[in-house]
Amino acid sequence: MKPNMRIVDLTGVWTLSCPGRDDIAGLEVVVPGGVHPALMEAGLIPDPGVGGNAAEVKWVGERDWVFERPFEVDEALLAHDIVDIELDGIDTVAEVFVNDAPVLKVDNMFHRWRADVKGVLRPGENRVRVAIAAPSRAANSESVRKARYGFGSAYSPECVTAGICRAVRLRAWNVAHFCDFGLSQGHEADGVTIFIGGWIETAGDLAAGLGVRFEIADPDGVCACRGSGEVREGGDGAFHAKGYIAAPRLWWPNGLGEQPLYRIEVALCDAAGAELDRIACRIGLRTLAVDEDETGGSSRLACNGVPFALRGGVW
């Protein structure tokens, strides 16, 4: 478990209900997941991708839906400075309740949503409820951001979706934690510079002395470089660091070479060096550019300076 931080995973089995439909109440649904797969699993609708079934299940996109589950909280978790609920993706217009208290209103399935819920939690059993408005109706608003694939096209029938499409969790933390993180690459003749950056959030005015440490391991697990950086005090919580990898093993598209991945771990530390948060990811080292062909006419993609063709349809 991360020092100064606890994560409570809220994915898994939830219950699904449809207000006004007594036959759809307390149905098991797996989160991340959507309404259509749960109804299919229960034998309540046919597969909308077969024949003319999509027309038979059009009503699914015209109804409101409620996802709900219980979860346990102990005194130790509530002792943290902040306890956030994080929802990485909801499809799409919904209101989130914890112990019947409204904590979030959402209208963008591409956004990660978060709210401090420490004040509404209690030791023992708690409940989270996500009430999703009928997607066919709610998606008509200009402010709503929802994927268009469910509304039909020349390639697929109309099947308007609703659900909790990404992970849900509680994050209890003290002092500070990472709230965003990104990487970029600068390629030179003999090596690659990795630029590490992002933002942290603090529990109050506690940014003094915070810093980051990082280590990059090659595809065999051997340390390729390590270093540190500072969190800018009195600013927006941004941090920056960079490391250099000599003689890198490059990543290539399928058919042009191997796909070696480097592992990057970044730790957030306080002034005394104690670790507050940690993030890790894997990255392929490569350049990707739009190039012109030999005639100077049509454009093409080039990876590590080598042109290649994309394969597939409906790009």
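The following legends describe close-up views of a predicted model. Residues are numbered from 1 along each chain as its sequence is written, and side-chain values use heavy atoms, with hydrogens and water left out. Local features need pLDDT of at least 70 and side-chain atom pairs count only at pLDDT 80 or more, while totals for chains, interfaces and linings use all residues.

**View 1. The largest pocket and its lining.** The largest pocket holds about 400 Å³ of space. A pocket is an open set of points on a 1 Å grid over the protein atoms alone, where a 1.4 Å probe fits, with protein on both sides within 12 Å along at least five of seven lines; the volume is the space filled by probe spheres set on the points, which are joined across faces, edges and corners. The lining comprises 16 residues, and R112, R171, F178, C179 and D180 lie nearest the centre of the pocket. Two or more lining residues come from each of β6 (82-87), β10 (113-116), β14 (176-187) and β20 (275-283). Strand β14 contributes the most, with five residues. Lining residues have an atom within 4 Å of a point. Strands (E, at least two residues) and helices (H or I, at least four) are DSSP runs numbered from the N terminus.

**View 2. The salt bridge between D74 and R6.** The side chains meet at 2.9 Å, N to O; a salt bridge is a side-chain nitrogen of Lys or Arg within 4 Å of a carboxyl oxygen of Asp or Glu. Because D74 lies in the loop between β5 (65-73) and α3 (75-78) and R6 in strand β1 (residues 5-9), the pair ties together parts 68 residues apart in sequence. D74 is partly exposed, at 34% relative accessible area, and R6 is partly exposed at 25%. Buried means under 20% relative accessible area, exposed over 50%, and partly exposed in between (1.4 Å probe, protein chains only).

**View 3. The salt bridge between R114 and D84.** The closest N and O atoms are 3.1 Å apart. R114 belongs to strand β10 and D84 to strand β6, so the contact ties together parts 30 residues apart in sequence. D84 is buried, at 2% relative accessibility, whereas R114 is partly exposed at 36%.

**View 4. The salt bridge between R226 and E215.** The closest N and O atoms lie 3.0 Å apart. R226 is in strand β17 (residues 223-230) and E215 in strand β16 (residues 211-217), 11 residues apart. R226 is exposed, at 57% relative accessibility, and E215 is partly exposed at 34%.

**View 5. A network of salt bridges.** E86, D88, R112, R169 and R171 are linked in this network. The structure holds 18 salt bridges.
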